[in-house]
Amino acid sequence: MHGTLIMKENSLKLVSSEQALKELGLNEHQLRFTCRVQFQDVHSDSDTLHRIYTHLKSVLKDYTIQHLPDGTVMVESIVIKVSSSAEDANAKVLLLSWSYQDEDLGSYLSSLLKKGLPT
């Protein structure tokens, strides 16, 4: 939300989303999207995550990309986690989660990772 139109006492005014929340006594809610991406990779989960980190660092030079100690990669607000399928250790499941503000980047990363990782 970039702005809000408020009707009060038969008049309209356009205010920032922060001002609208304050005037109306509302709390802000965060909307997050989650996408599941599957692909084949013979490496361990931690190695796959490192390969994702390296690939994203080479593709997204203008973004902040972090490989965190908790076993996730972050690109801006986007969190990427890797796990293996119980039936097939080479079948990786990526969970990507992002905020509404990073919708374009989240969709781009989802499409990029669906193509798999470079060899």
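In this predicted model, the side chains of Asp 41 and Arg 51 meet in a salt bridge, with an N to O distance of 2.5 Å. Asp 41 lies in the loop between strand E3 (32-40) and helix H2 (45-59), whereas Arg 51 belongs to helix H2 itself, so the pair ties together parts that are 10 residues apart in sequence. With a relative accessibility of 7%, Asp 41 counts as buried.

Asp 45 is partly exposed, at 27% relative accessible area, while Lys 92 is buried, at 1%.

In total, three salt bridges are counted. Among them is the contact between the side chains of Lys 13 and Glu 23 (3.2 Å, N to O), which links strand E2 to helix H1 (residues 17-24) across 10 residues. Lys 13 is partly exposed, with a relative accessible area of 35%, and Glu 23 is likewise partly exposed, at 29%.

A nonpolar surface patch of about 500 Å² is formed by Leu 5, Met 7, Leu 12 and Leu 14, and strands E1 (4-8) and E2 (11-15) each supply at least two of its residues. Met 7, located in strand E1, is exposed, with a relative accessible area of 60%.

An unreviewed UniProt entry annotates residues 22-113 as the domain "Integrator complex subunit 11 C-terminal". The end C-alpha atoms of this span lie 40 Å apart, and the span is 32% helix and 36% strand.

Definitions and conventions:
Residues are numbered from 1 along each chain as its sequence is written. This is a predicted model: local features need pLDDT of at least 70, side-chain atom pairs count only at pLDDT 80 or more; totals for chains, interfaces and linings use all residues. Side-chain values use heavy atoms; hydrogens and water are left out. UniProt positions are given in the numbering used here, feature names are shortened, and annotations may be inferred rather than shown by experiment. Helices (H or I, at least four residues) and strands (E, at least two) are DSSP runs, numbered from the N terminus. Patches are made of residues with over 30% relative accessible area and no salt bridge: like charges are joined within 9 Å, nonpolar side chains (Val, Leu, Ile, Met, Phe, Trp, Tyr) within 5 Å. Accessible areas come from the Shrake-Rupley method with a 1.4 Å probe; for residues, only the protein chains shown count as cover. A salt bridge is a side-chain nitrogen of Lys or Arg within 4 Å of a carboxyl oxygen of Asp or Glu. Buried means under 20% relative accessible area, exposed over 50%, partly exposed in between (1.4 Å probe, protein chains only).
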